[in-house]
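Open the model in your viewer and keep the selection tool at hand. Each stop below says what to select and what is there.

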Amino acid sequence: MRIIGDDRYLISAFAKRLGHCFLAMLLLISVLSLSACSRPRSRFETGVLRVNLGTEPPGLDWHTATDSTSFDVVSNLMVGLTQYTNKLTCAPSCAKSWEILDGGRRYVFHLRDDLRWTDGKPVTAYDFEYAWKRLLNPVTAAQYAFFLYDVVNAREYNTGKLKSADTLGIKAVDDHTFEVRLRKPAAYFIYLTAFCVSFPMRKDVVENWGDRWTEPEHFVTNGPFKLTKWQHEYKMELAANESYFDRVPQVKLIKMFMVPEASTAFALYENDELDFIDNRSFATPDVERYRNSPEYKNFPLLRANYLAFNVTKKPFTDVRIRKAVAMAIDRSIFPRILRRGERPATSWIPPALPGYSPDSGTKFDPAAARALLAEAGYPGGKGLPKAELLYPNRDDVRLTVEATQDQLKRNLGMEIELVNQEWKVYLATVRKDAPPMFRNSWGADFPDPETFMNLFTKDCGNNDTKWSDPRYDALIEAAQGELNAAKRADLYRQADVMLCREAVPIVPTFLATQNIMIKPWVTGIAINPLDLQFFKDVVVSDTEANQREIR
Amino acid sequence: MEIVEKAPMPVAAPLDQSVMARIKRIPTAYLALWIIGAICVVALLSFMGCSLCQYSFDQTSSDFLAGPSAEHWMGTDELGRDLFSRIVYGARLSIAIGLTTAAVAFIIGTLYGALSGYLGGKVDTLMMRGVDIAYSLPDLLVMILIGVLLGRGTVGILIALGLVSWMGTARLVRAQFLQLKNEEFIEAARAQGQSGWNIVFKHLLPNALGPIIVALTFTVPSAILSESTLSFIGLGLSPPACSWGTLASDGWRSLRAHPHLIFFPSLFIFITVLSFNFLGDGLRDALDPRTRLGKNSH
């Protein structure tokens, strides 16, 4: 005996549910087919390049910026004393020539006399002097101030031990001569003059507008492009700088969009709304679909990922256990799960840099690793405390640490607890009190082993492993000042062996890659292993020659 | 299963027919009950350590991102782990979270709301301002604070989710009580000299139960999804452990290239949520004393 109302209710409820399901399906289908329809008639605009920055740059003041998004913009707006060639050597730029005197302790740069800021005033050596002193001024609080610590009295001034900037080894001799004195020879010093933080700066502009000096209406730059529009959180526009001393770029306008969501950015590229995208604009499965497309390219980067130990925390106070971990991880797993052409790493100095040797680190050898662990008193991993491994919560990072956890469990019987934190929290935790294990990465600032090796010296602010060894520090100190290339490479190699085979405060895991997709009508985008992107030679046009070159 | 047994308890006595029998007459609710029952059994077996599948949930292989096949029914993930095994493993946490949160919301919310609504007056005003304050605190913030206090792990998640989800139920119960307590049948009960306890649990609550149950069925799915948020910000599960929420949030990025990674976890969430909804609808009809009275009078 059933009440009629019941039935009616049931039917209507069921119909309503079905209706909801149907609506949801419709929505899903329309989202999925978005990429297939609504193509605009014109696929591109000649002379206009559209790229994705991913996020709003935190700031364009190249003294306080520390992130790659800001540097991507600044590297196209500014030039320094020297600039990188495609082979990562330093070529003249603002400086037409330079002399290295006093056995590498004094650099004299001779500036071109046709340099102009975007407001028409000449670029002088005094702009460099002002900029370098501002970078080192403790009031600026520039994280990159350490970059110039090789300059006489720079460290003392930056850390507040020296109040006056007058004794710094930085001096504009006249409008076109800039002199730098170093406290000791530094073989890599010339590279620093090509990096963003060493670019000149206009004193009057900075002091006049304070924090707002990088807004388009006040910003004064000297590079191939000038900032004409900045719609925060949406888009930046860079126009070709007609007063640029070198060749004025052919591309008239660069539109830099800020699309944070990778899948959205990728759909925009597929819809011809973007001409160039890189790692930040697609998920790995998207890359795979285009692996054989002429639009897709893959470049090795000087960016190394590593697993680090806090050597003051158990059980990793024992070097044998650290070494066992290093030998129990099969690094060939990383390119297979990340699928972006990563290269497994066995040494901390990456290939292509002086001092690299594939044998500096340990090889994958689970049997030897188990033997080492047994020798340390934990046969088969029995009795080992469960160690914590901290990682920043990014999807690709999670995959690598899960793979590491799996391997350590299988090969050593070691249990690892994975803990993730938001990026900034993660950085603070690692700096303050690093857990027994953490996953980190380091991108080169300049193409020299120094940028990697300096990281694990005692005084380096980024050495969170708490490991230090006077012998290692001595090797690095010697290598810094060594001007004979072969001897210098050998010193770094010795230090690398110490790092990866003997003391093992870190386990290098793999080297990252940059993946890009470029539309066939774009040529001339220069990508280098430092991940700096220069757009000054870009051509956007539909010529036959252009098409052929791309293929 | 748990919900079915817990919920009808207070009204068990005056029922002329068992709730079960009434549910049986509503096909969608009956089917939903079976589905929920099956999922609960799987979750329970998995929790007791029975191996229901060929693979362990954290067993990796070199068969990365394989599609569904005879060997891996639902395919494999980026590390070559069998997705079906992970879904079975994930069921225990998702179901436990859904049911526990609903239970906590039911117990705290009903007691609080019943007290507030029954007593009325100043006590009611005071208690409801308490709910307003609890409501105004952002859920995520409260969950993070609790997570930090209790540390990582399942217990922390359960308590955190329970503590942010009872306010709605409390308001609902209070509103029902305010409306019902002036009805004639309550006056009649008072005139008979029944105790406050009896009036609340024998007369008011059974009549208010319908909307409460329906509200609770919505707590279950929202709790399942909230857990994935917690896991994402690092306060929830620690890999390789997984729940349906984490499986879905990991899988949606591969929507276009490897849809099986998002399809299967979502399918299970979808079926579970739908079942709870159908069951909620069915229970409301089965438990409503008014329809029961109406039927008796025929």
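Which residues does A:Asp61 touch, not counting residues up to four places away in sequence? Select A:Asp61 and show its surroundings: it touches A:Arg134, A:Met201, A:Trp213 and A:Thr214, not counting residues up to four places away in sequence. Contact here means heavy atoms within 4.5 Å.

Before moving on, some ground rules. This is a predicted model, in which local features need pLDDT of at least 70, side-chain atom pairs count only at pLDDT 80 or more, and totals for chains, interfaces and linings use all residues. Residues are numbered from 1 along each chain as its sequence is written, chains are lettered from A and ligands numbered from 1 in the order in which they are written, and side-chain values use heavy atoms, with hydrogens and water left out.

**Stop 1: around A:Asp61**

Stay on A:Asp61. It is in the loop between β1 (48-52) and α2 (68-77) of chain A. Helices (H or I, at least four residues) and strands (E, at least two) are DSSP runs, numbered from the N terminus. A:Asp61 counts as buried, at 10% relative accessibility. Buried means under 20% relative accessible area, exposed over 50%, and partly exposed in between (1.4 Å probe, protein chains only).

**Stop 2: helix α15 of chain A**

Select residues 470-481 of chain A, which are helix α15. At 1.5 Å a residue, its 12 residues should span 16 Å. The expected span is 1.5 Å times one less than the number of residues. The end C-alpha atoms are 17 Å apart, which agrees.

Colour A:Tyr472, A:Leu475, A:Ile476, A:Ala479 and A:Gln480: these are buried. Look down the axis of α15(A): the buried residues fall within an arc of 135°, so they line one face of the helix. The arc is that of the directions from the helix axis to the C-beta atoms. They pack against α14 (450-453) and α16 (485-502) of chain A. On the other side, A:Pro470 and A:Arg471 are exposed.

Next, zoom to the N-terminal end of α15(A). A:Asp469 caps it, with a side-chain oxygen 2.8 Å from the backbone nitrogen of A:Arg471.

**Stop 3: aromatic rings**

Select A:Phe71, A:Tyr84, A:Tyr144, A:Phe146, A:Phe147, A:Tyr188, A:Tyr191, A:Phe195 and A:Phe446. They form one aromatic cluster. Rings of Phe, Tyr and Trp (its six-membered ring) pair if their centres lie within 6.5 Å; planes under 30 degrees apart count as stacked, over 60 as edge-to-face and the rest as tilted. Over all chains the count comes to 42 aromatic pairs. One of them joins A:Tyr144 and A:Phe146, stacked at 5.9 Å centre to centre with 20° between the planes. A:Tyr144 is buried, at 10% relative accessible area, whereas A:Phe146 is partly exposed, at 34%.

**Stop 4: backbone checks**

Most residues other than glycine have a negative phi, and most peptide bonds are trans. Select A:Leu88, where phi is near 65°, a positive value. It lies in the loop between β2 (82-84) and β3 (90-92) of chain A, and is buried, with a relative accessible area of 10%. Switch to chain B and pick B:Leu65, with a positive phi of about 50°. Its loop runs between α3 (27-47) and α4 (83-119) of chain B. Finish at A:Pro315: the peptide bond from A:Lys314 to A:Pro315 is cis, with omega near 0°.

Technical notes: Polar contact = N/O pair within 3.5 Å; in protein donor to acceptor, adjacent residues only side chain to side chain.
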